[in-house]
Amino acid sequence: MAAPIDARSAESAVPEWMLSARCRDRSVSEFFPSDGVGVEAARRVCDACEVQAECREYALELRIDHGVWGGTSERQRRRILRAGRREAREARIPAPRGVPRGR
Ligand code: SF4
């Protein structure tokens, strides 16, 4: 979750897991870094966050392009989504007889 939550306006409008976000009291800009050093710093925060998995799934489901979410960079999420689409395509197309999947 890249954007810390404003508790005054968002308590009932946000998914439950966001209330446990480790980044709640941090600057939003930390999670929208402009370089790799910033990405690594944000990911270190995420690594100790108890809702990291929920945050990553949220970003993937909503196709959030920018920022570090759930410990993943923009590039990592694009890779995950591409891999997911490839798997979905392969799952719909039966492999020829005698050829194991993935070849
Ligand atoms: S995983 Fe990172 S971005 Fe997501 S809620 Fe936790 S600290 Fe915030």
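# Buried sides and a nonpolar core

User: What makes you say that α4 is hardly covered?

Analyst: The count of buried residues among the 19 residues of α4 is 1. Buried is a matter of counting: a residue is buried if 20 or more other C-beta atoms lie within 10 Å of its own, exposed if 12 or fewer, and partly exposed in between, with C-beta atoms placed from the backbone. Please keep in mind that this is a predicted model, in which local features need pLDDT of at least 70, side-chain atom pairs count only at pLDDT 80 or more, and totals for chains, interfaces and linings use all residues. Residues are numbered from 1 along each chain as its sequence is written.

User: How do you know how many helices and strands there are?

Analyst: They are DSSP runs, numbered from the N terminus: a helix is H or I over at least four residues, and a strand is E over at least two. By that rule the protein has 4 helices and 0 strands, so its pattern along the sequence is α-α-α-α.

User: Where is the predictor's confidence lowest, and where is it highest?

Analyst: The score is pLDDT, the predictor's confidence in each residue, from 0 to 100. It averages 86 over the protein, and 78% of the residues score at least 70. Helix α1 (residues 7-10) has the lowest confidence, with a mean of 50, while helix α2 (residues 36-47) has the highest, at 98. Where pLDDT is low, the predicted coordinates should not be read in detail.

User: Why is Cys 46 called buried?

Analyst: Cys 46 has 22 other C-beta atoms within 10 Å, which meets the cut-off, so it counts as buried. This residue is part of helix α2. Leaving aside neighbours within four places in sequence, Cys 46 is in contact with Gln 52, Val 68, Gly 70 and Gly 71; contact here means that the C-beta atoms, placed from the backbone, lie within 7 Å. The C-alpha atoms of Cys 46 and Trp 69 are 7.8 Å apart, although 23 residues separate the two in sequence.

User: How do you know on which side of α2 its buried residues lie?

Analyst: The buried residues of α2 are Val 39, Ala 42 and Cys 46. They cover an arc of only 70° around the axis (the arc of the directions from the helix axis to the C-beta atoms), so they are on the same side of α2. The face turned away from that side carries the exposed residues Val 37, Glu 40, Arg 44 and Asp 47. Among what covers the buried residues of α2 is α3.

User: And what makes you place the buried residues of α3 as you do?

Analyst: In α3 (residues 52-61), Gln 52, Cys 55 and Ala 59 are buried. Their arc is only 65° around the axis, which puts them on the same side of α3. Ala 53 and Glu 61 are exposed on the face turned away. The cover over the buried residues of α3 includes α2 and α4.

User: What makes a set of residues a nonpolar core, and which residues form the largest one here?

Analyst: It is a set of buried Ala, Val, Leu, Ile, Met, Phe, Trp, Tyr and Cys residues joined through C-beta atoms within 7 Å. The largest has 12 residues, including Met 18, Phe 31, Val 51 and Trp 69. α2 and α3 are the elements that give two or more residues to this core, and the largest share, 3 residues, comes from α2. In soluble globular proteins, nonpolar side chains tend to be buried together.

User: Is Glu 30 buried, partly exposed or exposed, and how do you know?

Analyst: Glu 30 has 16 other C-beta atoms within 10 Å, so it is partly exposed. Its place is the loop between α1 and α2.

Conventions. Two residues are in contact if their C-beta atoms, placed from the backbone, lie within 7 Å.
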